[in-house]
Amino acid sequence: MRYGKSLLEGKFVLGPMAAYTDMAFRLLCRKRGAAMCFTEFANANAIVRNVARTMRLLRTCEEEMPVGIQIFGSDENVMAEACRKISRMADEGTCPASCIDINFGCPAGTVVRAGAGSALLRNPEKIRRIVEKCVSSSSLPITAKIRSGWDSDNAVLIAKTIEKAGAAGITVHWRTAKEGRKRADGWQSVAEVKKEVGIPVIGNGGAYAPEIAVRFLQEAKCDAVMISSGALGNPRIFERANMLLMGKKYEPDSWASRLEDFREYVLLAKKHGIMSAKPLRAHAIEFLKGQPGAKAARRMLNGAKAEEEIIGVMESFSPACNHSSSSDMNM
Ligand SMILES: Cc1cc2nc3c(=O)[nH]c(=O)nc-3n(C[C@H](O)[C@H](O)[C@H](O)COP(=O)(O)O)c2cc1C
């Protein structure tokens, strides 16, 4: 399927995650079979004001294409200006991108209080104005990522509004903004959107394992499934889901494969000049998740200041299969 201006070669894509989906992690997930990735959301206002920290979030490279650049905001004029700027950067080749993705789903208090993210789900008319303005200001296709509603399912109406406003694709996270993560599945709402709109639909929410991702894709009959938290520390979820979809068996998870992926992340971060202790530590903790005996290593990681120290903790760790406690297994 086509998403934005790119043709996707697979059915599973990496979702945007603040503080995690940096360029090295996106490249790693692409190598491990993700058909597309998204940058973490960037504040449209800060893009327009050229805030250095935000501009760094927009860094992408040809090698990782297809990639979507995600923005959030509440003022259609500011968001349109941000789209104009990103399009210009993409045209100049400094920021390769398949689309600009607008966030209508973030439930975080600071974002909602600013009238952005999922707060906009309460106001489809405003969503329409934002998408229309962004479409008319951008040479890149505009896509949107929504939750199914604010506190009740309104996904079809919102998706139709977004399509009518000129968007080239939509990602639907089937949970509402007000509900937590307790509900395990609910992709019926994605299936309903898919039946009602003509643009490509990516389903999202709860695809924590290859088996769930494949079932989601087949039952919701959407064009692709977005995997977000399930890919943290576990980028091979994409190649495993790809294999499962082809009816093949995949190698079970192992510490050796996780360490190999962590090393690859380090190489990619160094190669692209984005190596930094904070994201490296965050990813290291994710790679350790579920490993027996990881508690002590995690404690060391939390105290580690330098990148080499973090790498050292990971290199010297080995799963303590014989003396793991069940609580440690769930880290
Ligand atoms: C740490 C973290 C950061 C996230 N940041 C973003 C973000 O920047 N933009 C966005 O649209 N969604 C963000 N999300 C939401 C995910 O992309 C996804 O919609 C949600 O986690 C449900 O998918 P999952 O069940 O596969 O994790 C974030 C989620 C997590 C866990």
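The buried residues of α4 pack against α2 (44-48), β6 (67-72), β7 (99-104), α6 (124-137) and β8 (142-147). Helices here are DSSP runs of H or I with at least four residues, strands are runs of E with at least two, and both are numbered from the N terminus. Contact, for its part, is counted when the C-beta atoms of two residues, placed from the backbone, lie within 7 Å. Before going on, keep in mind that this is a predicted model, in which local features need pLDDT of at least 70 and side-chain atom pairs count only at pLDDT 80 or more, while totals for chains, interfaces and linings use all residues. Residue numbers start from 1 along each chain, as its sequence is written.

Back to α4. Its buried set consists of Val78, Met79, Ala80, Ala82, Cys83, Ile86, Ser87, Met89 and Ala90. A residue is called buried if 20 or more other C-beta atoms lie within 10 Å of its own, exposed if 12 or fewer, and partly exposed in between, with C-beta atoms placed from the backbone. How far apart are the end C-alpha atoms of helix α4? They are 24 Å apart, which agrees with the 24 Å that the 17 residues (76-92) should span at 1.5 Å a residue. That expected span is 1.5 Å times one less than the number of residues in the helix. Just after α4 comes Gly93, with a positive phi of about 90 degrees.

Ile237, Phe238, Arg240, Ala241 and Asn242 are its buried residues, and what covers them includes β3, α1, α9 (210-220) and β11. After α10 comes Gly247, again with a positive phi, near 80 degrees.

Most residues other than glycine have a negative phi, and most peptide bonds are trans. Ala19, in the loop between β3 and α1 (23-31), has a positive phi near 75 degrees. With 10 other C-beta atoms within 10 Å, Ala19 is exposed. Asn50 has a positive phi too, near 65 degrees, and sits in the loop between α2 and α3. Is Asn50 buried or exposed? Its 9 C-beta neighbours inside 10 Å make it exposed. Pro66 belongs to the loop between α3 (52-57) and β6.

Zooming out, the protein divides into domain 1 (2-245) and domain 2 (276-329), with bounds taken from an automatic or database domain assignment. The C-alpha centres of the two domains are 30 Å apart. Six residues from domain 1 and six from domain 2 make up the contact. On the domain 1 side, the touching residues are four nonpolar, one polar and one charged. For these classes, Ala, Val, Leu, Ile, Met, Phe, Trp, Tyr, Cys and Pro count as nonpolar, Asp, Glu, Lys and Arg as charged, and the others, Gly among them, as polar.

Two loop residues are worth a stop. Met275 lies between α11 (255-271) and α12 (277-288), and is partly exposed, with 16 other C-beta atoms within 10 Å. Neighbours within four places in sequence aside, Met275 touches Ala269, Lys270, Leu280 and Glu307. Glu307 is 32 residues away along the chain, yet the two C-alpha atoms are separated by 8.0 Å. Gly233, in the loop between β11 (224-227) and α10, counts as buried, with 22 C-beta neighbours inside 10 Å. With neighbours within four places left out, Gly233 is in contact with Arg258, Glu286, Phe287 and Lys289.

Then there's the ligand. Of the 21 residues around it, Gly15, Met17, Phe41, Ser228 and Ser229 come nearest, where near means a C-beta atom, placed from the backbone, within 6 Å. The shell has eight nonpolar, eleven polar and two charged residues.

Finally, confidence. pLDDT is the predictor's confidence in each residue, from 0 to 100; here the mean is 95, and 97% of residues reach 70 or more. Where pLDDT is low, the predicted coordinates should not be read in detail.
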